[in-house]
Amino acid sequence: MNHYQLLQKVFEPLPLGSVKPKGWLKNQLKIQAEGLTGHIEEVWADLGPDNKWLGGSRDGWERGPYYADGLVPLAWLLDNEELKSKAKKWVDAFLDGQDADGWIGPVQGHDVRNDAYDPWPRFLVFKVFVQYYQATQDRRIIPAMLRFCRHLKNLLSTRPLKSWAKFRWADLMISVFWLYEETGEEWLLPLMDAIQDQGYDWAEHFSNFVHKRESPVKLETHVVNNAMGLKAPAVWYRKAKDPQLKAAAFKGISNLDKFHGQATGLFSGDEHFAGKNPSRGTELCAVVEYMFSLEQLLAITGDPDLGDRLEKITFNALPATFSPDMRAHQYDQQVNQVLCNVAERAWTNGPDANIFGLAPNFGCCTANMHQGWPKFAANLWMAIPEGGLAAVAYAPSVVSTEIQGQMVQILTETGYPFRELLKFTISCAEPSHFPLKFRIPTWAKGATVTLPNGVSRACTPGSFAEIDNVWTDGDVLTLRLPMDIEVERRYHGAVAVSRGPLLYSLKIGEQWKSMGGTAPFQDWEIYPTTSWNYGIVLDVKSPGSAFQVEERPLKKMVFHPENAPVKLSVLGRLIPEWRLENNWAGEIPHSPVRSREVVEKLVLIPYGCTNLRITEFPVVEGD
């Protein structure tokens, strides 16, 4: 029995394997397995057999642990034996690489900038260990984690956290909290205090935010550090029990939106903060780390708005930064992205940062990108600690878990986020009484849930609808989340268009130019073959009325410009003075703009289906 109790989470993430993907989501994970995740060891030497974590001589720093952190959940969600074997190889290497003192893995960092005993990559190893233990109950995991923690407790007294470890301490804390709750080892409590005391003060950073403009190069303004740091105040809130810490996480989201926010729900950072211009980039690592932070924040706070943002990033920014077959990725994506080529741009990263390829600009994203889809799928459902389940995000899936001593399964059948209707079928051997909570998005005006007896209830947007019922085998609920067109004013008065959780972008013709590589894992530039510099014609009093919606079948490769399951049509005009500048879409003209060009019918498709796009549009002034 623990003497000190960490604050209980509002929702408890289920062990890996409890939620399995179905439908289009399962297809997406299969595409990932057939793409870079399943083959990266064959085509990228840094994660091949010569990796230092595996006993070789290449990159003994973060890349191996990053990769395993996404490989493990993908393998078990797909129940893929080949991927499981690859994951086990990495986990065995981490365990076998522990020395007598408890240190795990290579001693020397990946280059001279890093301390020989840099603990940061071990934070990732711990994330891998927790997931692997949940999936396999491997008895080696907990003793290995305890040995490392004892070593780290001593190490921190002479080698305090610095550099990346100082800023990313919350990722270790999550695992140490888990270890404490599994074992009750009281000596872990002062280790927690030392980690937090030596870590960067994210609560102060976000509460009194000073980085309001394009930022210089430093760790405090690094886009990935901030995406990871968003969860830190709320994580520590579980031990410190100070409500201001939980509030600081939400203040951070608000401030990042205010000064650097992008229409995708992300914030800019082509390595460091870059303001609100939609032609600035955001690093892929920041996408998957923001998702992980939101999953943790959702569990700790239970705030439904976090689920809205998680879906917005997942369904838009995540697929858009990969080629549709997930055999290539970008380092930086742009909300207004009209050209992907090797060229100098006004950002910190190199000239190849926005091409699609194996390892453009720098290899961190090549190693880290794998966790995005699998962890989203694994966290669609969470447990209610007092008994029951909460649907915190939506996609086709099946959840299987024990509730009040009985195994319960809930099948979710849906075309969401491309469709409004979700069907939930409950399976249980005996009638069972427990609550179900369903997140009702803020945008879902007029949402309804229909119970097994046929009675429909209205649901309040921006809340969790709770259904407390005695469930019997075969019970069916349906949830309808109406998706109205919404138009948001953004940079220079431009507008972004969304429908439900999906953001919509101009469909631009594409010419893919190979830059070499090992087929089919090549590097690509993409050039536009159609015009992109359009403004749209809107009635400012009723902007949603300007759009026509067309639903199309869901195909296997759903995030593909030619397979878009939904299309919007709207009228627009070319804006001739809006041109390419410095290899990107130039500064957006301030809206409203005048144009004498002919009115044309424009086709908008989901942002996640695009490779080239305009997403923030000037508004054309009426004649």
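**Entry 1: the sheet**

I began with β8 and β9, which pair in the antiparallel sense over seven bridges. For the strand names, I take helices (H or I, at least four residues) and strands (E, at least two) as DSSP runs, numbered from the N terminus. Two strands count as paired if DSSP finds at least two bridges between them. Within this pair, I found Val-408 opposite Cys-428 in β9.

A note on what I am looking at: this is a predicted model, where local features need pLDDT of at least 70 and side-chain atom pairs count only at pLDDT 80 or more, while totals for chains, interfaces and linings use all residues. Residues are numbered from 1 along each chain as its sequence is written, and side-chain values use heavy atoms, with hydrogens and water left out.

Next I asked myself: in what order do the seven strands of the open sheet run? I read β2-β7-β8-β9-β14-β11-β12, with antiparallel pairing. At the edges I noted β2 (19-21) and β12 (456-458), each pairing on one side only. Neighbouring strands of this sheet are turned by 20 degrees against each other on average, direction ignored. Axes here are lines fitted to C-alpha atoms, for helices over the stretch in contact, and angles run from 0 to 180 degrees between N-to-C directions.

**Entry 2: strand β14**

I then followed β14 to its partners. With β9 it pairs in the antiparallel sense over five bridges, and Lys-423 stands opposite Thr-478 in β14. Strand β11 (residues 448-450) is joined to β14 by three bridges, also antiparallel, and there I saw Val-449 opposite Leu-479.

Which residues of β14 (residues 476-480) are on the covered face? I wrote down Leu-477 and Leu-479, while Val-476, Thr-478 and Arg-480 make up the uncovered face. In a regular strand the side chains alternate between the two faces of the sheet.

**Entry 3: the backbone**

I looked up two cis peptide bonds. One runs from Tyr-416 to Pro-417, with omega near 15 degrees, and Pro-417 is in the loop between β8 (406-414) and β9 (421-428). Another joins Ser-591 and Pro-592, with omega about 0 degrees; Pro-592 has its place in the loop between β24 (584-585) and β25 (600-606).

His-492 has phi near 60 degrees and is found in the loop between β15 (485-489) and β16 (495-499). Ser-163 has phi near 50 degrees and lies in helix α7 (residues 163-167).

Notes: Buried means under 20% relative accessible area, exposed over 50%, partly exposed in between (1.4 Å probe, protein chains only).
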